[in-house]
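Dear colleague,

Please find the structure for your study below.

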Amino acid sequence: MIQFTILMIPFVGTTLGSMMVFFMKEKVSLKIEKLLLGFAAGVMVAASVWSLLIPAIEMTEERATASWFPAVVGFLLGILFLLAIDSLVPHLHMDSDKPEGVKSSFSKTTMMMLAVTIHNIPEGMAVGVTCAGALSQNANITLAGAMVLSLGIAIQNFPEGAIISMPLKGQGMKKGKAFWYGMLSGVVEPIGGFVTVLLTSQIVPLLPYLLAFAAGAMFYVVVEELIPEAQSGEHSNIGTIGSALGFALMMVLDVALG
């Protein structure tokens, strides 16, 4: 039951964030959007380090292999995986009105949904991998640590859900439909997490690589999408402040509770 709760928490965060569209009167403020984007970036960077990369290194410290090797290999593979998806799957970047290399037959809403789905892949993987590590009774990963990561991603998903649903409303979409799209953007996370947990016995030997893989994929999302959007145009300093706050909050959660 606790594992089910951990896997569902990020989806709840996305849903609650998407619900903000019902309280929206006009377009979302640019300052608020920058703050939310920066905050999400900070949370994801901190989660990549404390919840994924550090446990991956600690798990291999007693092995003959250099402790940094699985972390580096997994991290780079995660980057390459998201780079491949980003290049091959037609989608709309968060800071663009036209999908790169995609014909106009794809609607902007469809592009937005594909983009968010891509973003959520590493987050679902990260929670699933940490739950799998806890179930395998690995000393470096506990259910408390998995819960902290899940909460951190849920906190990050709250502004992400709002960033999806509120702009759609600003473009003329009805509030109910905008909420639905925002909520659906988080469905891939619990699905990916459940699949990972079901494969626990098979993935235990690869846990250090998989943890670092999830970290690399999350890092790619931050550098490719969140930071450029938070720093573009006016009020870039607000995006920086949001990043610092998100990083600090996730760091405190992970060190104090993990």
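The notes below concern nonpolar cores and one lysine.

This is a predicted model, in which local features need pLDDT of at least 70 and side-chain atom pairs count only at pLDDT 80 or more, while totals for chains, interfaces and linings use all residues. Residues are numbered from 1 along each chain as its sequence is written, and side-chain values use heavy atoms, with hydrogens and water left out.

A nonpolar core is a set of buried Ala, Val, Leu, Ile, Met, Phe, Trp, Tyr and Cys residues joined through side-chain atoms within 4.5 Å; buried means under 20% relative accessible area (1.4 Å probe, protein chains only). The largest such core has 44 residues, and Leu52 is one of those that touch the most other members. Several helices (DSSP runs of H or I, at least four residues, numbered from the N terminus) supply at least two residues each, including α2 (30–59) and α9 (207–231). The most comes from α9, with 13 residues. A second, separate core of ten residues includes Ala162 and Met173.

Lys34 belongs to helix α2. The side chain of Lys34 does, however, have a polar atom 2.8 Å from the backbone oxygen of Glu229, and it reaches the backbone oxygen of Ser232 at 2.3 Å.

With kind regards

Technical notes. Buried means under 20% relative accessible area, exposed over 50%, partly exposed in between (1.4 Å probe, protein chains only). A polar contact is a pair of N or O atoms within 3.5 Å; within protein, one must be able to donate a hydrogen and the other to accept it, and residues adjacent in sequence count only if both atoms are side-chain atoms.
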